[in-house]
Amino acid sequence: MTARIVSIGTAVPPTRIAQAVARDIFAAQEGADRLARRRIQAVFDASAIEQRHTVLAEFASPAAAPDDAAFVGAGGRLLSPTTGARNQRFIVSAPELTAAAARTALADGGIDPSAVTHVVTVSCTGLFAPGPDYRLVRDLGLRPTVERCHLGFIGCAAALPALRVASALAASRPDAVVLVVCTELCTLHLRPSNDPQQIVAASVFADGAAAAVVTADPAAGNPGGLDLDRFGTALTDEGETDMVWTIGDNGFEMILSAEVPRIIGREIQGAVGRFLGDDAPPEVWAVHPGGRSVLDRVESGLDLPPDALAASRAVLRDFGNMSSATILFILASLLRDDDVPDGARVAGLAFGPGLTVESALMTRRRRAVTTAEDVGLALAASV
């Protein structure tokens with residue numbers, strides 16, 4: 001039996017920041033020189049992002065931040081808390097967001113929590129033990145015998161390896177119901193800087209969580225979803241030092257050079273060609289929006305029509321880059337899209353440090369018409 005994504009649930013923190021507001025906050029920092037302010041203005045305005053969400057509620061009203069705040073000081077001054085302080089906020093904030101996305105996925109999929117047999121959690125923006133997988137079992141009241149694993153520090157591409165693990169688990173047990181949850185609190189690691197790479201990171205990264213229910217049991221949950229046909233991984237010939245994610249004394253540090261979109265543009269056709277082989281091109285694309293320029297390079301490198309990446313661009317516009325959770329937001333929007341027909345093949349692409357290209361080929365499956373009421377509705381719609 002082919003494993004399928006039954007449903008996807010998403011969650012974001014309540015604090016929403018308009019991109020123009022975030023731009024002005026970073027540009028107003030005391031350490032920003034004239035060149036940095038010009039660069040901040042240009043990079044933020046060219047991002048194709050309108051708004052982002054953050055667990056740092058103090059960003060919404062920086063002028064009112066308390067004197068003992070860790071992230072935003074009085075007058076809107078951005079602070080540089082230690083890695084321990086940033087990670088402590090992750091420990092406090094991540095479990096609630098993780099559970100919210102998971103509850104939505106289970107409810108939308110018609111899956112009782114007692115049916116979950118495996119949990120796969122993903123994050124590269126915080127760590128603790130007992131970790132997110134343990135907390136998810138406790139917070140959702142899952143059976144204590146649920147088998148758990150956590151994929152950490154894989155970066156923006158991690159959702160597809162997590163789905164690959166879930167697919168393998170589903171294939172190993174006919175009754176397996178795997179709950180995959182990606183939770184990333186990227187804004188915990190943003191900082192004021194004149195460094196062009198840090199400015200790019202500040203302009204795109206955001207917070208969010210997304211959960212997918214995966215099973216190969218056709219009787220489990222609601223019918224339809226996305227069949228997980230196959231997966232692929234490719235390392236590019238260059239890029240090992242262009243996208244890097246390390247742990248520093250004042251947070252996790254991202255190196256995101258201007259070469260990343262160009263490397264993707266040069267490598268994407270070969271990587272996708274090797275993955276698809278002799279298969280015809282897919283009808284639908286779900287591409288991780290590392291940034292607007294990444295999507296532009298994928299579009300041109302694969303010679304895609306202008307609307308092929310509309311779902312990816314919409315998620316980037318409304319949520320920014322939430323690292324590993326982002327591609328699940330895109331797949332969730334495709335599951336809701338009535339214009340994606342039954343049997344349509346969906347290609348998922350995500351990019352991580354290294355530079356790594358993760359791929360997935362999926363097939364959209366719509367709910368079959370099985371009841372008299374459904375038949376009547378279908379006939380009425382066809383008249």
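The model is predicted, so local features need pLDDT of at least 70, side-chain atom pairs count only at pLDDT 80 or more, and totals for chains, interfaces and linings use all residues. Residues are numbered from 1 along each chain as its sequence is written, and side-chain values use heavy atoms, without hydrogens and water.

**Exercise 1.** State the strand order of the open sheet and find its edges.

Solution. Strands are DSSP runs of E, at least two residues, numbered from the N terminus. Two strands pair if DSSP finds at least two bridges between them. The nine strands run E5-E4-E6-E7-E1-E8-E13-E12-E11, with mixed pairing. E5 (147-152) and E11 (284-287) are the edges. Each has a single partner strand, so one side of each lacks a neighbour in the sheet.

**Exercise 2.** Describe how E11 is joined to E12.

Solution. Start with the direction: E11 and E12 (residues 345-352) run parallel. Four bridges join them.

**Exercise 3.** Find the residues with the most contacts inside the largest nonpolar core, then list the contacts of Phe205.

Solution. Such a core is a set of buried Ala, Val, Leu, Ile, Met, Phe, Trp, Tyr and Cys residues joined through side-chain atoms within 4.5 Å. Buried means under 20% relative accessible area (1.4 Å probe, protein chains only). The largest core has 81 residues, and Leu179, Phe205, Trp285 and Phe351 have the most contacts inside it. Contact means heavy atoms within 4.5 Å. Leaving aside neighbours within four places in sequence, Phe205 touches Arg52, Cys156, Cys186, Thr187, Leu190, Met254, Leu256 and Asn321. A second, separate core of 44 residues includes Leu160, Val180, Ala216 and Ala311.

Terms used
Buried < 20%, exposed > 50% of the residue type's maximum accessible area, 1.4 Å probe, protein only.
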